[in-house]
Amino acid sequence: MSQAPPRRAPHTRLKTRQLLLLVALDEQRNIHRAAEDMAMTQPAASKQLKELEELLDVQLFERTTRGVEPTIFGEAMIRHARMALANLNNAHDDIAALKAGLVGQVNVGAIMTPSVSLLPAAVLSVKRHSPLLRIGIQVDMSNSLIEQLQAGALDFMIGRLLERQDKAQFHYEELASEPLCVVARVGHPLLGEPKLDLARIAGYGWVLSPPGSVLRHKFDMMFRRVGIEPPANVIDTSELAVISELLRQSDLLHAFPRELAHNYARLKLFAIVPVELPCQMDAFGIITRQNQLLSPGARMLLDAVRGVAADTYPR
């Protein structure tokens, strides 16, 4: 016995012209004028509307002496028709952008470590193929970047989802953890000392993230867990240019992400102090808004970030 072909869901049988007709009827509230807008006859418009109502098994418009008025079902369909047509227009714009060599604007946010170690390589990879694509980079703490992402100011970000944030709003793709180390100026007296421990470095002056930051909390708790009071001689700042200059002109120490520290050590800007810190920041990753449609440029940059991350942070 042959099987009947499976029935398609109603939404798969909707036609673009039917969606356009819904919008025209909503704007004109008259089937004759809506048909004129659609460059079709009134009987043809009436037939399309009837077919749509039969397909959905609801009445979409009330016929009145003055014209037509949408029912609650009609209002719902009109809203979705407008969104569907807008998405189709966006798709057309995306194709045009791709044909033109991918122009437009992509805005990405990142916390400090991936902004230095990961993002530049991804951005340069994209710019080699699409030099006209404008890319904006915002470097900040995760809580600030999340707010910008929620507001639509960023296409995506690389950072952390904090406990107080509603994780249902976001899609998170973990990339790497962030262990910490101690950095100081090149030639610092601690660089030649063997067997350094927390008690030895606690007595030095430090440049640290401000109180209330995640890094500062983890740093202070690292000392308290072993019965040592955290350093008291502290300058509070997160500004990298200020930190660099303070270290260069003094014997101050700074807790720095290990990956960044190695980059700066290669450039002879900092030196890594040979002491093991039993402390690391929570993992960071790629964060996007749930159900977000990224532009071709944003998708290209996101794919490049994933590619560089796969080489930088092998599993």
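Predicted model: local features only at pLDDT ≥ 70, side-chain atom pairs only at ≥ 80, totals over all residues.
A residue counts as buried when its relative accessible area is under 20%.

Start with the two cysteines, Cys181 and Cys279. Cys181 has a relative accessibility of 6%, so it is buried. Cys279 stands at 10%, and it therefore counts as buried too. Are they bonded to each other or apart? A disulfide is a covalent bond between the sulfur atoms of two cysteines. For Cys181, the closest cysteine sulfur is that of Cys279, 11 Å away, which is too far for a bond. Seen from Cys279, the closest cysteine sulfur is in Cys181, again at 11 Å and too far for a bond. A pair would need its sulfur atoms within 2.5 Å. The count of disulfides is therefore zero.

Now turn to the nonpolar core. In soluble globular proteins, nonpolar side chains tend to be buried together. The largest nonpolar core here holds 33 residues. Leu118, Phe156, Ile158, Leu175, Leu301 and Val305 have the most contacts inside it. Which elements each supply at least two residues of this core? Four are strands: E3 (104-110), E5 (156-159), E6 (170-184) and E11 (280-289). The helices are H6 (119-129), H7 (142-150) and H12 (296-312). H12 gives the most, with seven residues.

Next, look at how H6 and H12 pack. Two packed helices are described by the angle between their axes and the distance between the axes. The axes of H6 and H12 come within 8 Å. They cross at roughly 130°. That angle makes H6 oblique to H12. The crossing of H6 past H12 is right-handed. On the H6 side, the contact is made by Leu119, Ala121, Ala122, Val123 and Val126. H12 contributes Met300, Leu301, Ala304, Val305 and Val308. Leu301 and Val305 were met above, among the core residues with the most contacts.

Finally, find His188. This residue lies in a loop, between E6 and helix H8 (198-202). Is His188 buried or exposed? Its relative accessibility is 3%, so His188 counts as buried. What does it touch? Not counting residues up to four places away in sequence, His188 touches Tyr204, Asp251, Leu252 and Leu253.

Conventions
Residues numbered from 1 in each chain as written. Heavy atoms only, no water. Core = buried A, V, L, I, M, F, W, Y, C linked by side-chain atoms within 4.5 Å. Buried < 20%, exposed > 50% of the residue type's maximum accessible area, 1.4 Å probe, protein only. Axes fitted to C-alpha atoms, helices over the stretch in contact; angles between N-to-C directions. Parallel < 35°, antiparallel > 145°, perpendicular 65-115°, else oblique. Left-handed = near helix turned anticlockwise from the far one by under 90°. Contact = heavy atoms within 4.5 Å.
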